[in-house]
Amino acid sequence: MSEPVDVPIDDDVIKLGQFLKLANLIDSGSEAKMVIAQGLVRVNDEVELRRGRQLQVGDIVVLAGHTVRVSDR
């Protein structure tokens, strides 16, 4: 697995679907819904099927070989 790229968020938490877009892993909310429903997204090394999953600083998200970490500003 590649070294995670830090993606800063403004608040304490962010929803998974929003974070995927912020991290430029997807282009739209509908795309987020699709890749999550298909089981293509992993959070902290576990498949995540909830688009509304709350992510916190330090969480690791993997999609299509891209690894990103939630970080604070």
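Let's start with a pair of strands: E1, residues 5–9, and E7, residues 66–72, run parallel and are joined by five bridges. Strands here are DSSP runs of E with at least two residues, helices are runs of H or I with at least four, and both are numbered from the N terminus. Two strands count as paired if DSSP finds at least two bridges between them.

A quick word on the source. This is a predicted model, where local features need pLDDT of at least 70, side-chain atom pairs count only at pLDDT 80 or more, and totals for chains, interfaces and linings use all residues. Residues are numbered from 1 along each chain as its sequence is written, and side-chain values use heavy atoms, leaving out hydrogens and water.

Back to E7. Val-7 has Val-70 as its bridge partner there. E7 also pairs with strand E6, residues 60–63, this time in the antiparallel sense, over four bridges. Across that pairing, Val-61 stands opposite Val-68. E6 and E7 make a hairpin with two residues between them, and Ala-64 in the turn has a positive phi of about 50 degrees.

Ser-71 is buried, with a relative accessible area of 12%. For us, buried is under 20% relative accessible area, exposed is over 50%, and partly exposed lies in between, using a 1.4 Å probe and protein chains only.

On to the core. In soluble globular proteins, nonpolar side chains tend to be buried together. Here the largest nonpolar core has 19 residues, and Leu-16, Phe-19, Leu-20, Val-41, Leu-55 and Val-61 have the most contacts inside it. By nonpolar core I mean buried Ala, Val, Leu, Ile, Met, Phe, Trp, Tyr and Cys residues joined through side-chain atoms within 4.5 Å. Two or more residues each come from E1, helix H1 (16–22), helix H2 (29–37), strand E3 (41–43), E6 and E7.

Let's finish with H2. Its buried residues are Ala-32, Val-35 and Ile-36. They sit on the same side of H2 because they cover an arc of only 100 degrees around the axis, taken from the directions from the helix axis to the C-beta atoms. Their cover includes H1, E3 and E6. The face turned away from that buried side carries the exposed residues Ser-30, Lys-33 and Ala-37. Just after H2, Gly-39 takes a positive phi of about 75 degrees. Thanks, everyone!

Definitions and conventions:
Contact means heavy atoms within 4.5 Å.
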